[in-house]
Every structure is written in structure tokens, then in C-alpha cells.
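Biologist: I am new to this structure. Please take a close look at the sheet and walk me through it in one go.

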Amino acid sequence: MLDEQAKKAMLLKIPHGLYICGVKDGENLNGFTASWVMQGSFKPPIVVNCVKSDSGSNQMLRNSGVFALSFLEAGQKDLAQKFFKPQRRVGNKFEDVEFYLGETGCPIISEALGYVECRVVGTVDHGDHTVFVGEVIAAGVHREGEPLLLESTGWQYGG
């Protein structure tokens with residue numbers, strides 16, 4: 001029998017960085033705060049990115065097959081918060097955020113620590129998030145710094 005309290009307590013202890021995942025579908029751009037991200041392979045370089053199944057960004061990712069992850073710096077909580085809200089409620093999240101388009105055409109946050117761009121090479125549909133497996137095809141470092149961690153924000157996403 002699953003102890004729900006123990007499950008939640010332990011799953012909330014899994015450390016997560018915070019990223020802005022840039023997606024595109026044709027000319028349409030969006031971004032969302034991602035926290036369920038991890039490296040999955042050295043050769044080829046693989047990143048695993050879990051995206052809420054019923055989100056518009058999930059469909060954009062499926063349609064384009066590419067995404068970019070901008071690595072947020074400690075202290076960029078406000079930026080992470082801006083991208084947590086669904087595009088259908090808030091509109092253009094990039095209107096006052098400096099960004100550029102990467103090799104994939106996905107938006108990359110200029111003031112982030114850096115980024116990776118990925119081509120989707122696999123998906124797993126199970127539960128309320130889709131697991132996108134992305135091969136890293138481009139990367140860049142904007143500057144040095146400490147990453148923004150979910151735990152440092154006081155927010156909870158998991159359990």
C-alpha cells in the first residue's frame with residue numbers, strides 16, 4: 001500500500017533547477033517555466049524534459065520537434081514566475097523579456113546563464129506530463145553564475 005504522505009515528502013526532496021523552455025510552432029513562439037529536466041546521456045548528449053500534457057506548449061513541441069532550455073540564475077525567480085502562467089491567459093510572455101532565436105528557431109532568454117537547444121528524438125506519454133527526450137544540437141554560455149533551484153523559491157511543484 002502506498003503511503004501518500006511519505007510519497008509526497010520524498011518526491012518533494014528531488015532537487016530541480018528552473019529553466020525557461022522556449023518552443024515554437026511555425027511563427028508562433030512561447031515559453032514556460034520547466035523544472036522536471038535532467039541529463040539522460042553523454043553520447044549522444046540527451047536531455048529529458050517533462051511537459052504538462054494538456055498545455056499549449058506540449059502541442060507546439062510535438063508539432064515542431066524542437067525546444068530550447070534557458071538556464072536561469074539564482075535571483076531570477078521573478079523571471080521564472082512570469083513564465084509559469086499559461087499563454088492563453090497572459091498572452092505574449094516575451095513582450096518585455098530580451099530574447100533571441102536559436103538555431104532551432106526557439107526563443108532563448110538573453111539574460112539567462114546559457115542554454116541548450118534540442119531536437120526531440122523520443123516521447124513517453126504516461127501520466128499527466130509528456131516526457132520529451134531531446135538530443136542536444138546546440139549550446140551556449142552567456143555568463144557564469146549559480147543556477148536557480150526550485151527549493152530556493154519556496155514553491156512546490158511535485159509530490
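**The sheet, strand by strand**

Modeller: Strand E4 (residues 46-52) and strand E9 (residues 129-141) run antiparallel and are joined by 7 bridges. Strands here are DSSP runs of E, at least two residues long, and helices are runs of H or I, at least four, numbered from the N terminus. Val51 has Thr130 in E9 as its bridge partner.

This is a predicted model: local features need pLDDT of at least 70, side-chain atom pairs count only at pLDDT 80 or more, and totals for chains, interfaces and linings use all residues. Residues are numbered from 1 along each chain as its sequence is written, and side-chain values use heavy atoms, leaving out hydrogens and water.

Now the whole sheet. It is open, has 7 strands in the order E2-E1-E5-E8-E9-E4-E3, and pairs antiparallel. Two strands pair if DSSP finds at least two bridges between them. Strand E2 (28-34) and strand E3 (37-41) are the edges, each pairing on one side only. On average, neighbouring strands are turned by 35 degrees against each other, direction ignored. Axes are lines fitted to C-alpha atoms, for helices over the stretch in contact, and angles run from 0 to 180 degrees between N-to-C directions.

Helix H2 (residues 56-64) packs on the sheet. H2 touches E1, E2, E4, E5, strand E8 (114-126) and E9; contact means heavy atoms within 4.5 Å. The direction of H2 makes about 60 degrees with that of E1.
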